[in-house]
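Visitor: Please show me the sequence and the model. I would like to go through the contacts with you, one question at a time.

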Amino acid sequence: LVALDGAGKLPAVDGSQLLGLGGGRLKSTKVFAVSGNYTPTSGTNFILVLGKGAGSGGNWSYAGAPGGLGISFVSVNPAKSYQVIVGAGGYPTSGQKDTAGAGGNTYITIDGVQHGGPGAYGGGYDNDRLWPGYPGNPLAGTLFTRLFTGPLRESILLDDTAILGAARGIGGGRTKYGANGYLVIVEFGA
């Protein structure tokens, strides 16, 4: 949260004006390119979760769709371990009437709620009509989800090329696999 100035407007924001982060400071950043377990660093109270769902595979006529990016800010118990699932990219198809595979959701489960990004659905064929891949539905625990409707390369709050060395979570090209997802956790605490 950012406090309004005396005129009721948002001031220029710098780190000193951020409120409501549980009295904490930035502790560390962790990147998951494969599924595993997340154990908070000692003293971590809150985490910012950026989860990129996996892209769908491409079908005979269309490239796959990219997975959605979900953003959450949630409290954690530093004495617990949490399961992280990184979605796998969808499989491609080369047959004219085949449906490409969907990309998997990428998330961390905290107190039974999934926080992360949805995978994309694969394009296919039905009733003599071909359709391209399309974004999945936002996950329940996510504060913000950005969904993409075409094979794009995006950058929100982070440049995933800089973090992971290659574009991740994008849809597969025509008859190509979709890219796997990833999850970034930014820790805050005492």
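Visitor: With which side chain does the side chain of Glu187 make a polar contact?

Guide: This is a predicted model, where local features need pLDDT of at least 70 and side-chain atom pairs count only at pLDDT 80 or more, while totals for chains, interfaces and linings use all residues. Residues are numbered from 1 along each chain as its sequence is written, and side-chain values use heavy atoms, with hydrogens and water left out. A polar contact is a pair of N or O atoms within 3.5 Å; within protein, one must be able to donate a hydrogen and the other to accept it, and residues adjacent in sequence count only if both atoms are side-chain atoms. At 2.6 Å, the partner of Glu187 is the side chain of Thr41.

Visitor: Which side chain of opposite charge is nearest to Glu187?

Guide: Glu187 is buried, meaning under 20% relative accessible area, with exposed over 50% and partly exposed in between (1.4 Å probe, protein chains only). Lys and Arg count as positive, Asp and Glu as negative, and His and the chain ends are not counted. Glu187 has no salt bridge, which would be a side-chain nitrogen of Lys or Arg within 4 Å of a carboxyl oxygen of Asp or Glu. The nearest side chain of opposite charge, 4.0 Å away, is Lys30.

Visitor: In which strand does Glu187 lie?

Guide: Strands (E, at least two residues) and helices (H or I, at least four) are DSSP runs, numbered from the N terminus. The chain has one helix and eleven strands. Glu187 lies in strand β11.

Visitor: Over how many bridges do β3 and β11 pair?

Guide: Two strands pair if DSSP finds at least two bridges between them. Leu48, for instance, has Val186 in β11 as its bridge partner. β3 (residues 44-52) and β11 (residues 182-189) pair in the antiparallel sense, and the number of bridges is eight.

Visitor: What is the bridge partner of Gly51 in β4?

Guide: β3 also pairs with β4 (residues 69-75), in the antiparallel sense and over seven bridges. In β4, the bridge partner of Gly51 is Gly70.

Visitor: With which residue does Asp111 form a salt bridge?

Guide: The structure holds one salt bridge. The closest N and O atoms are 3.8 Å apart, and the partner of Asp111 is Lys80.

Visitor: How many residues apart in sequence are the parts that this pair ties together?

Guide: Asp111 lies in the loop between β6 (106-110) and β7 (113-117), and Lys80 in the loop between β4 and β5 (82-85). The pair therefore ties together parts whose separation in sequence is 31 residues.

Visitor: What is the angle between the planes of Phe46 and Phe73?

Guide: Rings of Phe, Tyr and Trp (its six-membered ring) pair if their centres lie within 6.5 Å; planes under 30 degrees apart count as stacked, over 60 as edge-to-face and the rest as tilted. By this rule there are four aromatic pairs. Phe46 and Phe73 are stacked, 5.6 Å centre to centre, and the angle between their planes is 5°.

Visitor: Which strands hold Phe46 and Phe73?

Guide: This pair links distant parts of the chain, 27 residues apart. Phe46 is partly exposed at 23% relative accessible area, and Phe73 is partly exposed at 29%. Phe46 lies in strand β3 and Phe73 in strand β4.
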